[in-house]
Amino acid sequence: MNSIELCEVIADFGRLIGRVEETGERVCITDGGEPTGVLLPAAELADLEHFAQRVYGGPRPRPKMVQERPVGPEQQGSYIRYMHTDGVRMTFTRDRVIVAELRSVDELDWLESNARTGRQGYMDPKQAAAFEEFLTRQPPVGDGIAWIADDWRAQEPFTVLEFIKGPAAEEVALAYGADAQDITDGLLLHQVRERDARDGTDELLHVLVFGEAAGWTWLGYHNFDNAFSPLLNPPPPQQITLTATMAKAIYDFSYSKDGVYQNPFPIEDRADAQRDMYELIWYTPGETPFAPNAPLGFLNPHIRRAEKETDWADSIPLFFAGLERAFNLSLPRDAITSGHVRCARPARR
């Protein structure tokens with residue numbers, strides 16, 4: 001990327017804009033040798049804006065100091081320069097068509113970082129159609145997760161279900177605050193059940209059950225007393241959390257990528273957008289659960305496919321069936337039912 005000093009072009013951007021329009025290349029604007037802004041084609045900025053809005057990556061950087069700006073548009077050769085309210089960003093038009101934009105280095109870095117994340121799940125219509133056709137032919141992995149949906153809604157056998165991509169099950173259990181000795185001993189869920197029945201204890205409500213299936217670490221627990229922490233450092237590449245609160249009829253679903261919460265609604269340029277949540281009772285079979293331009297919009301075809309291809313009728317098992325197809329999720333049904341799965345109590349403090 002070529003660089004040019006601001007003092008060399010401030011009076012007449014026309015020649016520089018012409019080069020950007022002709023070559024489609026960016027130009028870095030420096031002030032005393034320090035990069036302050038980047039001039040780029042308007043079409044490239046539009047592309048970045050489109051994909052960056054799909055994720056929430058913190059507030060957009062804004063200039064700390066507002067600079068003096070002209071009263072109206074200025075003619076710059078064959079172009080018109082429009083200064084934005086912050087006195088830093090600029091828009092250049094020719095014949096009433098936007099051809100180039102000037103953005104600060106910080107803002108452009110923010111846009112590019114968010115756009116990279118936003119593009120990860122994007123396919124053009126032809127690619128998407130071919131991929132959907134391929135997915136339609138694939139059976140669910142293992143037992144899937146729809147089988148546990150009704151019991152989970154009744155807070156059995158777990159209140160919280162989590163699926164974590166990346167770290168191994170034992171590593172995650174330790175990070176959540178599970179007892180290291182229980183993990184070393186290989187404590188099994190049926191042993192806790194038998195001990196409760198024999199001794200009249202209730203340890204079953206206070207253990208973290210964990211395992212690995214289909215490339216994911218899965219966790220099941222109640223966490224009524226906040227004994228386990230749902231935070232990992234660094235955050236995993238992907239994390240899915242399903243929480244049932246039967247007394248209040250609240251059933252939450254959340255999905256994060258690299259620690260960034262994927263908002264169920266179209267992202268707006270504000271910090272509080274990340275607090276939005278999605279409750280499974282909002283989903284009505286036959287209706288699209290997420291806006292197409294929301295970060296979770298990619299789930300729509302998977303849920304629609306589950307509606308068409310499974311025998312589940314209730315909304316929550318159908319939603320689970322959509323998740324198992326979208327992410328290849330699975331839980332070992334026989335092992336969980338019989339109690340032959342690993343578990344651990346909270347670490348002793």
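Buried means under 20% relative accessible area, exposed means over 50%, and partly exposed lies in between, with a 1.4 Å probe and protein chains only. By that scale Trp282 is partly exposed, with a relative accessible area of 42%. This is a predicted model: local features need pLDDT of at least 70, side-chain atom pairs count only at pLDDT 80 or more, and totals for chains, interfaces and linings use all residues. Residues are numbered from 1 along each chain as its sequence is written, and side-chain values use heavy atoms, with hydrogens and water left out.

**Overall build**

- The chain has 349 residues, and buried residues make up 45% of them.
- Its secondary structure comes to 12 helices and 15 strands. Helices (H or I, at least four residues) and strands (E, at least two) are DSSP runs, numbered from the N terminus.
- Take the contacts between residues at least 6 apart in sequence: 64% of them join residues at least 24 apart. A contact means heavy atoms within 4.5 Å.

**Salt bridges**

- The structure holds 18 salt bridges. Each is a side-chain nitrogen of Lys or Arg within 4 Å of a carboxyl oxygen of Asp or Glu.
- Arg94 and Glu21 form one of them, at 2.4 Å from N to O. This pair links distant parts of the chain: Arg94 sits in strand β6 (residues 90-94), Glu21 in helix α2 (residues 14-23), and they are 73 residues apart.
- Arg94 is partly exposed at 29% relative accessible area, and Glu21 is partly exposed at 30%.
- Arg60 bridges to Glu49, with the closest N and O atoms 3.0 Å apart. Arg60 lies in the loop between α3 (42-52) and β4 (74-76), while Glu49 lies in helix α3, 11 residues apart.
- Arg60 counts as buried at 15% relative accessibility. Glu49 counts as partly exposed at 25%.
- Arg81 and Glu74 meet in a salt bridge of 2.5 Å, N to O. Salt bridges that share partners also join Asp182, Arg195, Glu203 and Arg345 into one network.
- Arg81 is buried, at 6% relative accessibility. Glu74 is partly exposed, at 28%.

**A polar contact at Asp86**

- Asp86 lies in the loop between β5 (79-83) and β6. Asp86 counts as buried, at 8% relative accessibility.
- The side chain of Asp86 makes a polar contact with the side chain of Arg89, at 2.7 Å. A polar contact is a pair of N or O atoms within 3.5 Å; within protein, one must be able to donate a hydrogen and the other to accept it, and residues adjacent in sequence count only if both atoms are side-chain atoms.

**Aromatic pairs**

- A pair of aromatic rings is described by the distance of the centres and the angle of the planes.
- Rings of Phe, Tyr and Trp (its six-membered ring) pair if their centres lie within 6.5 Å; planes under 30 degrees apart count as stacked, over 60 as edge-to-face and the rest as tilted.
- By this rule there are 16 aromatic pairs. Among them is the edge-to-face pair of Tyr221 and Phe228, at 5.9 Å centre to centre and 70 degrees between the planes.
- Tyr221 is buried at 3% relative accessible area, and Phe228 is buried at 4%.
- The rings of Tyr255 and Phe298 have centres 6.1 Å apart and planes at 55 degrees, so this pair is tilted. Tyr255 lies in strand β12 (residues 250-257) and Phe298 in the loop between β14 and α10, so the pair ties together parts 43 residues apart in sequence.
- Tyr255 is buried at 3%, whereas Phe298 is partly exposed at 30%.

**Around Trp282**

- Trp282 lies in the loop between β14 (278-279) and α10 (300-309).
- One aromatic cluster is formed by Phe253, Phe265, Tyr278, Trp282, Tyr283, Phe290 and Phe319.
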